[in-house]
There are 2 protein chains.
Amino acid sequence: MISEDTCIEERFARSALTEDNPYQTTDDAMRWLNERGAENALLVERVPFTALREWSFESSTGDLVHRTGKFFRVHGIRIHVSEGTEERSWLQPIVDQPEIGILGIIAKQIDGQLFFLMQAKLEPGNPAGVQLTPTLQATRSNYTQVHQGARPKYLDYFLDRAAATPLVDQLQFEQGSTFLRKRNRNVIVEVLEDVPVEEDFRWFTLGQIKKLLRVPNLVSMDARTVLACIPLRDRAGHRALGRGGDGGPQKGSFGARLYQSMAHGERPANADHVVQSWLTDVKCRVQLSVERIPLADMPGWARHERAISHEGARFFEVVGVTVRAKNREVSAWDQPLVSPREKGMVAFLVKEIGGVLHFLVQGVVEPGNPDIVSVGATVHCVLSERSVHDPASWPPYMEEAVHAPQSAIRYSCVQSEEGGRFYHAENEYRVVEVDPTFAAVPSDRYCWVTLRQLNELVRWGLVNVEARSLLACLSIT
Amino acid sequence: MISEDTCIEERFARSALTEDNPYQTTDDAMRWLNERGAENALLVERVPFTALREWSFESSTGDLVHRTGKFFRVHGIRIHVSEGTEERSWLQPIVDQPEIGILGIIAKQIDGQLFFLMQAKLEPGNPAGVQLTPTLQATRSNYTQVHQGARPKYLDYFLDRAAATPLVDQLQFEQGSTFLRKRNRNVIVEVLEDVPVEEDFRWFTLGQIKKLLRVPNLVSMDARTVLACIPLRDRAGHRALGRGGDGGPQKGSFGARLYQSMAHGERPANADHVVQSWLTDVKCRVQLSVERIPLADMPGWARHERAISHEGARFFEVVGVTVRAKNREVSAWDQPLVSPREKGMVAFLVKEIGGVLHFLVQGVVEPGNPDIVSVGATVHCVLSERSVHDPASWPPYMEEAVHAPQSAIRYSCVQSEEGGRFYHAENEYRVVEVDPTFAAVPSDRYCWVTLRQLNELVRWGLVNVEARSLLACLSIT
């Protein structure tokens, strides 16, 4: 059965190396997305909270709740972080949605190549309309039919284990800054039988999706987090796949070096047990307490007619929208959304150590983390007190990320966060390669890891969604 | 640096294969343990709760608390488990100790062989006096000196990363039936400089400790959980280590087959992503809610003069003891302990699939689990409603474990749980090999995995302490 395992990693890698697709070219896909976007356009309007028909402020707590008590609840939390002699405390609203949803992609082997069934979909908070999303995105409320809408398409492929074989099946948590332990099951299932292709759905190679990840705001966060779970390698080692003729990574290219860093036996600067010890140590040094409080009882935050806002104009706001649409499980609804104050920055510094690309990761403390600390990108400047516009507030390595010379930027693109929960939330995602002589500031909070090690940390749910998002954008071509 | 990583796994394996020790034979070690046990004997007396000087029932809640509010608290919980159409609810007391302690062993390479500094130590709840324990076991209260006692010996080797190199450094949770998310940092550090050997401490090879694990109740749970984290293999594959002359595993022996099952490239029946999918699926099917309630507010449980007991005489009791001792950080104290109603049973069924040993694991739901479900042994009949004495209540595979023919029993020994929290808590630990034709009852709750896969699950804190305990008992000789 080992060959089956080998097979999966290699099959993913092969699909990542090609845009050859008998169903559509990548340009066709762009046109199709735009066309579906126009067809299914959403009318989204910011409204006062009093205009939300299904949502209201609970009288006893001031929490923002759905009339059924389902979906999610916005309440307050008091956070206390201590680390050595340093102590920090703050209050903030948080979205409480403890159930586990599904983000699922159907894969199918067609003529020896793996294809992925992706959907053209709009969400009310999207900054730029239509996005490429997984085959299925369903909250537990969705698939247990709380909202009485239509049954989500393709759901049964994910609920019935006989109908499909999981290739990826991992629990991943989402934004720790704004969600209290929200998790989704990130799944890719392979289906052997014929799969009907519904309107708004199309087959893509992984290489085509990677190409679309170079376009701002086009591939949804839900798609990115699932893609980030995929190991791209051949198990045998880092022999180049499909070199030359059939479009393999070009030797010495950034893609080929990523591929090498993902391989087994890649010679990491820090052995696996050293990386684990680093993470254990950060978790033991930080103490995080998160206490639930009523939304009405939050000094420093004010509830206005159209927004719940921080008086210092920091973090984010909670706003309300009404939405009308043709092509949804329900045709009109309203809901709260989290609206960031500014565009954030998420960046990896990478460098060669011993000839192998390494990523600088850090331990990030956020209130919604399931276990104190998540593994994050080198720069994680998102929805926090720090501002991209105020260099005095910048975290370590922000300077290197923002002011990187063009020649050092391996990836840079604006991507948006989940439009079903966030309103126009964008981050600049960036990978910057620094010189092998670049010395990281000595700090227990950071560690150099290879892509294989990072993929392993992703696998067990230890890497935060922003870092996963950025990893998904990396292409081995 | 990959060679360093290879080195560690191989060095552990080499130490596991030998009892050669210039400091003491294994027989010497037994005599030394008995002698230390006599020297440091504890006088433990069960007393009424009113006789506990430092502990009392909090007036507002009835919770059992220390006067400082530190160490731990016994309160109540209401548990609700739902899975498909099945719903279960119950109330029980639980020990709440959310801080992270340290269980640490110092390792030192002496003349090319790895030795481990172990302590002879007594705990009030031990069923049979002295035990072999890690170099250090310290709660956070211990090492932040809440109880004003002496500073634990060897503490600085674990707090000062410059003094020692971690070989193992993992967060592991403990009994999910009685602890609310109690975790310890399980650490093995290698020290290069000379280490003073204090009274009550001695150097052991891993092979010697494995030998002592065949003696009932002699190696403590704290030692076992740390030992369970150790990968025993050479990274290159399963070439036999030190075959023949220098005491390697005998070809075809159970030890050699364990070693093969631990190797990379061992051909598992279920590929790694299939095992992960199995665990993800169990977590998604089970919903667990744990709600804190006052200890005073627990229908079905009664507080007597000397015990808090379940009226159906099930689960466990909470009792109080006073302790006098010579050789402790503090010389006399009293404390509550958890006292099981009966001896439990923890067993792995193993069988060869494709010529490779596989272990049958199950998803175990207990209230103190950090993430709904832990990976447990095939039979996990501990501190629950099920009774070893009542076959009608037996879980699946209990029959095979209890009534295994002698020729199929690969390991069987009574081991005790942590004597600092449990009073005379013993479980029968067993490994039973079944015929390759043995068919497991089809159930989504169980999965066959190799020892390598199980070790990987241990590494990320996903395997419960009872299963880890049993894994520690396995010897590759």
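**Figure 1. A salt bridge joins A:Arg224 and A:Glu417 in the predicted model.** The side chains of A:Arg224 and A:Glu417 meet with a distance of 3.7 Å from N to O. Across the interface of domain 1 of chain A and domain 3 of chain A, the rule finds 1 salt bridge. The count of residue pairs in polar contact across this interface is 20, with both residues of a pair at pLDDT 80 or more.

**Figure 2. Chain A is divided into three domains, given here with their residue ranges.** Domain 1 covers 8–42 and 98–238, domain 2 covers 44–77 and 293–340, and domain 3 covers 260–288 and 342–472.

**Figure 3. Chain B and chain A meet in an interface with 35 residues from each chain.** The size of an interface is often given as the accessible area lost when the parts come together. Between chain B and chain A, the buried area is about 3,600 Å², of which 50% is given by carbon and sulfur atoms. Within chain B, the residues that lose the most area to chain A are B:His273, B:Gln276 and B:Trp460, which together account for 19% of what that side buries.

**Figure 4. B:Asp371 and A:Arg183 form a salt bridge between the chains.** Their side chains meet at 2.7 Å, from N to O. The rule finds 4 salt bridges across the interface of chain B and chain A. There are also 16 residue pairs in polar contact between these chains, both residues being at pLDDT 80 or more. Among the elements that each supply at least two residues of the side of chain B that touches chain A are helix 1 (2–16), strand 12 (183–190) and helix 10 (451–459) of chain B. Helix 8 of chain B gives the most to this side, with 8 residues. By class, the side of chain B consists of 15 nonpolar, 6 polar and 14 charged residues.

Methods: Residues are numbered from 1 along each chain as its sequence is written. Chains are lettered from A and ligands numbered from 1 in the order in which they are written. This is a predicted model: local features need pLDDT of at least 70, side-chain atom pairs count only at pLDDT 80 or more; totals for chains, interfaces and linings use all residues. Side-chain values use heavy atoms; hydrogens and water are left out. Domain bounds come from an automatic or database domain assignment. A polar contact is a pair of N or O atoms within 3.5 Å; within protein, one must be able to donate a hydrogen and the other to accept it, and residues adjacent in sequence count only if both atoms are side-chain atoms. Contact means heavy atoms within 4.5 Å. Buried area is the accessible area (1.4 Å probe) that two parts lose on being put together, summed over both. Helices (H or I, at least four residues) and strands (E, at least two) are DSSP runs, numbered from the N terminus. Ala, Val, Leu, Ile, Met, Phe, Trp, Tyr, Cys and Pro count as nonpolar, Asp, Glu, Lys and Arg as charged, and the others, Gly among them, as polar.
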